[in-house]
Amino acid sequence: MKSVNHAVDLDNRYDAGNGVVSTLPSRDKMTIFDSEGGSMEAQRDSIRPEAETASAATGRQQDSAVISIRNFNFYYGNKHTLMDVNLNVPEREIVAFIGPSGCGKSTLLRSINRMNDLIEDIRQEGDIRINGRSVFDPNLDVIALRKRVGMVFQKSNPFPKSIFENVVFGLRVAGRIRKDELEAAAERSLRAAALWDEVSDRLHSSALGLSGGQMQRLCIARAIANEPEIILMDEPCSALDPVATSKIEEMILVLKKDFTIVIVTHNMQQASRISDRTAFFYLGKLIEFDTTEKIFSNPNTRQTEDYISGRFG
Amino acid sequence: MARKSKVDTFSSGAPAGDALVWLSSLGLAVGLFMITMILAVIIWQGLTAFWPREVAEVTVRADSEFTINGAQTFSGEIVHYKTRQDYTKDNKTEVEELQLYVGNRDVYGFSFFYVDVDDIIKIEKPADIMSIEREEYGKAIARPVSLHIKGETSVSADSLEFDDRLRALMDTVAERRDEIHDIEKVEIGRINRKMESIRLSRRRMEREGHTDSEKYRKLVDADAGLQGDYETLAAEAGALRDLQFEHELEVMLLTGEVRRMPLGKLINYRYPNQLRVIDKCVAFAHNMVSFILNDPREANTEGGIFPAIFGTFVMTIFMSLLVTPFGVVSAIYLSEYAKPGLMVRMVRIAVNNLAGVPSIVFGVFGLGFFVYFVGASIDQLFFSDTLPTPTFGTGGMLWASFTLALMTVPVVIVATEEGLLAVPRGMREGGLACGASKWQCIQRIVLPAAAPGILTGMVLAMARGAGEVAPLMLVGVVKLAPTLPLNTTWPYFHFEQKFMHLGFHIYDLGFQSPDSEAAKPMVFATALLLIILVVAMNLVAIYVRERLRRKYAVSAV
Ligand SMILES: Nc1ncnc2c1ncn2[C@@H]1O[C@H](COP(=O)(O)OP(=O)(O)OP(=O)(O)O)[C@@H](O)[C@H]1O
Ligand SMILES: [Mg+2]
């Protein structure tokens, strides 16, 4: 189905030892790859990767890339959808993907947590690495990967269950059944998604009775509950009104303290308000990737400038 | 000009559409009309079977050929008037005739009698005619003469105390009948089962040559003890039975014969012409309840149909329990796991065509595979002691349910697949993105969301299975089953036993009974009950489905 090119520069390993204090329980970067490894607790205590200690020892001062995308090509059948994409997402930053409809933003996002596996007849070339390890590694546990790389979809998709069960779904399928643990996780995630105050009195009623904005925040809470390190958001606000949108934006800015976030958006103001870096895609190519400030004030290419100023798209 | 042509297109489009609408609504109307008619007929005929009819005393002309045993006066319940083609007379071809239920089959040899209306000179409804329900020979319709009480002089029907005495004696007789039934069916039945198991153990030991062991002697003793118990009980039942014949009711038929009937043979009596509307309603309810709750009598043409209702119910439930998991698992594999392609498409076509195979073919398959192959193998392996009497190697509840489950599995598969397809893709992706495996996703998200579809399949399967008769005749339904498939004897479920079924009961009453005219009301009543049972079971399933649907309502966003 896919031919993965592993010939990628291994020097690009990240440096994660920057000592940012998390409000969530400490999470270890490399645990997703311990596919055979014991309980969650045990995974968390696993030894830090040597890449990190090595880079800490050498004291290299470079951006800590949590996600690094190298020469990535994507084909739907014969249709070449992504061409030679190279991109690094640093830790605890918000990266916005912008670009006209159909340019491949969702496709790239879905490749990061291998949601494209579900689609028939696709081909992927190049590599996507998370904390230095390829997501296409045949030995990789996809389920563990998805636990560490949460995803929020464009169309909110709450499960037909209670609000509580929605939030703890990821924990339940991971086999955690202790009630107090689940309850604590639910409250923490709902608070982080700025939804707790609105639903704390009806946690056990159906999630389908929520408003569209509440459902979207519920889906964000559901992604947070798994304690991922990366959250991928595909146009999370596309179906929401300005009030709900600003609520979610505020929440994303808070989440940034703990998570690395990649967000696809069609809203230029939103990208400029919340993101640290912005990637502009056009017809399957990554045209420009730089700090948001730079992209919005002084872009390198004409296409970017035109798109941002609304002259096409 | 341009404007006009525009109008034309509009006006020419509308009638065509109207015609189609009319045609389709006509189709629906015809369908609904026919369904309503058949339901109305069944309900009306089924309910009137329980309504007590008045008894007419009919007198015919002196030269009439319509006499019973030479008598020109006779009585019977008026069934209906109808016309008959008469070919013997030249001028008149249509004759109106009256159908009477005259009862007294033991005396007359028939229970229905037809009289030409032209020959009748008088119809009266005397109040003193008694209609007596009996254990045998259908009803007796006659005038009471006297009550012969053992050890007393007889009580004349004219005396004031006659009715009270008769009523009281009938009550004791009914109680005693229950007692006899208890002894013969329950207690003696239990002893028989014990003796049977001892017989089997003894046979095993004899075959293995342990006849001189301590255990064998114990068995012999136990057998003898049981034999003693049996004889005591049998004697007790015999004594009670004799008591049933102590008192007698003497009646005179309207045709003149005088008869004495032991009270033990009588079940119930009424004066049908004295009943007020309220009494008739009570009698109606009583008839209906006893029809639902009683065992059949007299080759099923009298009494109730409880075993058939129960058999149908248990079989349908059991079949649904078998077919649903099987169908759901198949559907999950087909639509979630199997790689779409020629193979899957062929399987799907095959499954759909399976639904069109005549049910008798499934019956033959069930007989050949389940009964003769699986059942006989089970007998060889586990019940070899009772051979050549088969245990599982003969038709029974279990094999009937399996056969019907096989027959209805396509329905469940198709409905479940539709339910699975209706679950939005986003929901599955959401589950996977949370770190659930594919199976966890299916189990925790897709299946609950598809539950209403699954239940729809179950409803359809139940409706089809409950009404099926032909295959059951091959794999386990009988005219009269001695015990219920689910009863108080260990191990409570007797799924290897044969059972009764409403659908087969209808066939049996309508086409196999010695007096199909007498059984006609029963046929309709049974059909009505079958419909009610199926509808009731479906309503329960639909209620559950609606609850699930509300619980797992798929988001409208
Ligand atoms: N399952 C699929 N099969 C085939 N082609 C697809 C599939 N999904 C997407 N594509 C095509 O791939 C291209 C990129 O799609 P993608 O969904 O990544 O665009 P996008 O940038 O997210 O657009 P939008 O902003 O409208 O969401 C489009 O041309 C689309 O038609
Ligand atoms: Mg998209």
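Reader: Before we start, what conventions apply here?

Author: This is a predicted model, in which local features need pLDDT of at least 70 and side-chain atom pairs count only at pLDDT 80 or more, while totals for chains, interfaces and linings use all residues. Residues are numbered from 1 along each chain as its sequence is written, chains are lettered from A and ligands numbered from 1 in the order in which they are written, and side-chain values use heavy atoms, with hydrogens and water left out.

Reader: Which residues gather in the patch of negative charge on the surface?

Author: The patch consists of B:D171, B:E175, B:D178, B:E179, B:D182, B:E187 and B:E236. Patch members have over 30% relative accessible area and no salt bridge, with like charges joined within 9 Å and nonpolar side chains (Val, Leu, Ile, Met, Phe, Trp, Tyr) within 5 Å. Asp and Glu count as negative, Lys and Arg as positive, and His and the chain ends are not counted. A charge is placed at NZ of Lys, CZ of Arg, CG of Asp or CD of Glu. Accessible areas follow the Shrake-Rupley method with a 1.4 Å probe, and for residues only the protein chains shown count as cover.

Reader: Which helix gives the most to it?

Author: Helix α3 (residues 162-208) of chain B does, with six residues. B:E236 lies in helix α4 (residues 214-244) of chain B. Helices (H or I, at least four residues) and strands (E, at least two) are DSSP runs, numbered from the N terminus.

Reader: Why does B:E236 count as partly exposed?

Author: Because its relative accessibility is 41%; buried means under 20% relative accessible area, exposed over 50%, and partly exposed in between (1.4 Å probe, protein chains only).

Reader: What makes up the nonpolar surface patch?

Author: B:L26, B:V30, B:F33, B:M34, B:M37 and B:V41 form a patch of about 580 Å². B:F33 lies in helix α1 (residues 2-48) of chain B and is exposed, at 53% relative accessible area.

Reader: Turning to cysteines, how many disulfides are there over all chains?

Author: There are zero disulfides in the structure, a disulfide being a pair of cysteine sulfur atoms within 2.5 Å. For A:C237, the nearest cysteine sulfur is that of A:C219, 12 Å away. A:C237 is buried at 9% relative accessibility.

Reader: Which parts of the chain does the pair B:E54 and B:K280 link?

Author: B:E54 and B:K280 form a salt bridge with their closest N and O atoms 3.1 Å apart. The pair links distant parts of the chain, 226 residues apart: B:E54 is in the loop between α1 and β1 (55-60) of chain B, and B:K280 is in helix α5 (residues 277-293) of chain B. B:E54 is partly exposed at 27% relative accessibility, whereas B:K280 is buried at 12% relative accessible area.

Reader: Which residues are linked in a network of salt bridges?

Author: A:R110, B:R425 and B:E429 are linked in such a network.

How values were computed:
A salt bridge is a side-chain nitrogen of Lys or Arg within 4 Å of a carboxyl oxygen of Asp or Glu.
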